[in-house]
Amino acid sequence: MLYQLYETQRALLSPFSEFASATAKLYSHPLSPFAHTPLSHRLSAGMDLMHRLAKEYEKPQFEINSVEVDGVDVAVQELVALEQPFCRLLRFKRYTDDPAVLAKMKAQPTVLVVAPLSGHHSTLLRDTVKQLLKDHKVFITDWTDARMVPMEAGAFHLDDYIYSVQDFIRHVGEDCHVISVCQPTVPVLAAISLMATKGETTPRSMTMMGGPIDARRSPTAVNNLAMNKSYAWFENNVIHRVPTHFPGAGRAVYPGFLQHTGFVAMNPDRHLSSHYDYFLDLVRGDDDSAESHRRFYDEYNAVLDMPAEYYLDTIKTVFQDFALVNGTWEVGGDLVRPQDISQTALLTVEGELDDISGAGQTKAAHELCSGIASKDQAHYDAVGAGHYGIFSGRRWREKVYPVIRDFIAKYDAAPLHKPAAAKRAAARPAAARRSRKPTE
């Protein structure tokens, strides 16, 4: 019922949002006589702010059309490399007529970026992808809004997430390097662990950034909520059914609007101050600052619904049972054993000011991956960086990215020795792995 009430409210606010947008333009367009009346700038700024607070935010686009490689601008085309009901694997293919640059690009490492399925769209990693494209061939997971997936596609559990990651690794190729940002650090570690246990060739390196490998360490407000509320509380209070006018009508989900409310509630003063500053920027005519605000909130306010099964599995497995660090996690009947990974180098990255994944949570991966030689393990603390700062913004570009780039280059040039006996395990068909039981 809550989801239906939200959609009703959104429908009622839509005409007001459009009216506010039209009024803002009426009082700001240079050809409009109203733009030259007293207080027109303040009225226009107020209406523009009202429009943005009431409007619906759709999924943004990556809009990465070119990137500089070795001092040359090359074209970038976004392609769908593999598609599943709950996720698309995107490839950002680069093109150039410069023979020397083309030869260099062909020799560069291949990177699979596993984006979070935790509220925001994969475009949140736009800056991550754009920077990586300068020195790498880049693939990224693009998770689908669960309300857009018909019930016929079946349920999507945490196990299915892991199987999808394995499918993507196999598709990209055994010589790839995997980067997981935030939430996927846990399922990615599980996916590679299971591949290693079965004797499959694993990626050359894995980089884990700001994720809850061991959520018991330096718990944040996010961790405390997940650990202190019961499984039944989450099941009864945050899970709702998708309304009838969406393709996924009837599917049980953790709605994006509830997640967005939680995001804002973590730092309400900061958001209030940001919106007020936006109003003042419009009044002063500071277009650059106003546009920067728009770009950030166009991304921040665009959220997706998560499948209920996946969300509840994550709460229980990662934040309540701590199954990975306790060695009790089973996926499809197979025990997750990070200690079996021996042919994949490991880099962990944490932000000094991260208020989502606390200090030491990601670094805990090193203790679990005891099969990787210590010389093939590395950790980096990004001083002054918060959670988003380790994968987006100036600190990402100037501090974090060079560390990741050099780490990947090191193990792409001289990968860890792979035993001759290691053979790729037969991949189970995705359809056979995915649960077909309707959500209850």
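Let's start with Asp-127, which is buried, at a relative accessible area of 17%. One caution: this is a predicted model.

What does Asp-127 pair with? Its side chain meets that of Arg-397 in a salt bridge, 2.8 Å from N to O. Asp-127 sits in helix α4, and Arg-397 sits in helix α15, residues 394-413. So the pair ties together parts that are 270 residues apart in sequence. Arg-397 is partly exposed, with a relative accessible area of 37%.

Stay with helix α4, residues 126-132. Arg-126 is partly exposed, at 26%.

Now to a pair in loops. Asp-175 and Arg-204 meet in a salt bridge at 3.2 Å, N to O. Asp-175 is in the loop between α5 (158-172) and β6 (177-181). Arg-204 is in the loop between α6 (185-197) and β7 (205-209). The two residues are 29 apart, and the pair links distant parts of the chain. Arg-204 is buried, with a relative accessible area of 12%. Asp-175 is partly exposed, at 37%.

On to the rings. How many aromatic pairs does the structure hold? There are 20. One of them is Tyr-27 with Phe-34: the centres are 5.5 Å apart and the planes are at 55°, so the pair is tilted. Tyr-27 counts as buried at 19% relative accessibility. The cut-off for buried is under 20%. Phe-34 is partly exposed, with a relative accessible area of 38%.

Back to helix α11. Tyr-297 and Tyr-300 are three residues apart in that helix, so about one helical turn separates them. Their ring centres lie 5.9 Å apart with planes at 75°, so this pair is edge-to-face. Both tyrosines, Tyr-297 and Tyr-300, are buried.

There is also a cluster. Ring pairs link Phe-86, Trp-143, Phe-156, Tyr-161 and Tyr-310.

Last, charges over rings. Lys-93 lies over the face of Tyr-95, 5.7 Å from the ring centre. Arg-216 lies over the face of Phe-322, at 5.5 Å from the ring centre.

How values were computed. Residues numbered from 1 in each chain as written. Predicted model: local features only at pLDDT ≥ 70, side-chain atom pairs only at ≥ 80, totals over all residues. Heavy atoms only, no water. Helix = DSSP H or I, 4+ residues; strand = E, 2+ residues; numbered from the N terminus. Buried < 20%, exposed > 50% of the residue type's maximum accessible area, 1.4 Å probe, protein only. Salt bridge = Lys/Arg side-chain N within 4 Å of Asp/Glu carboxyl O. Phe/Tyr/Trp six-rings, centres within 6.5 Å; stacked < 30°, edge-to-face > 60°. Lys NZ or Arg CZ within 6 Å of the ring centre and 35° of its normal.
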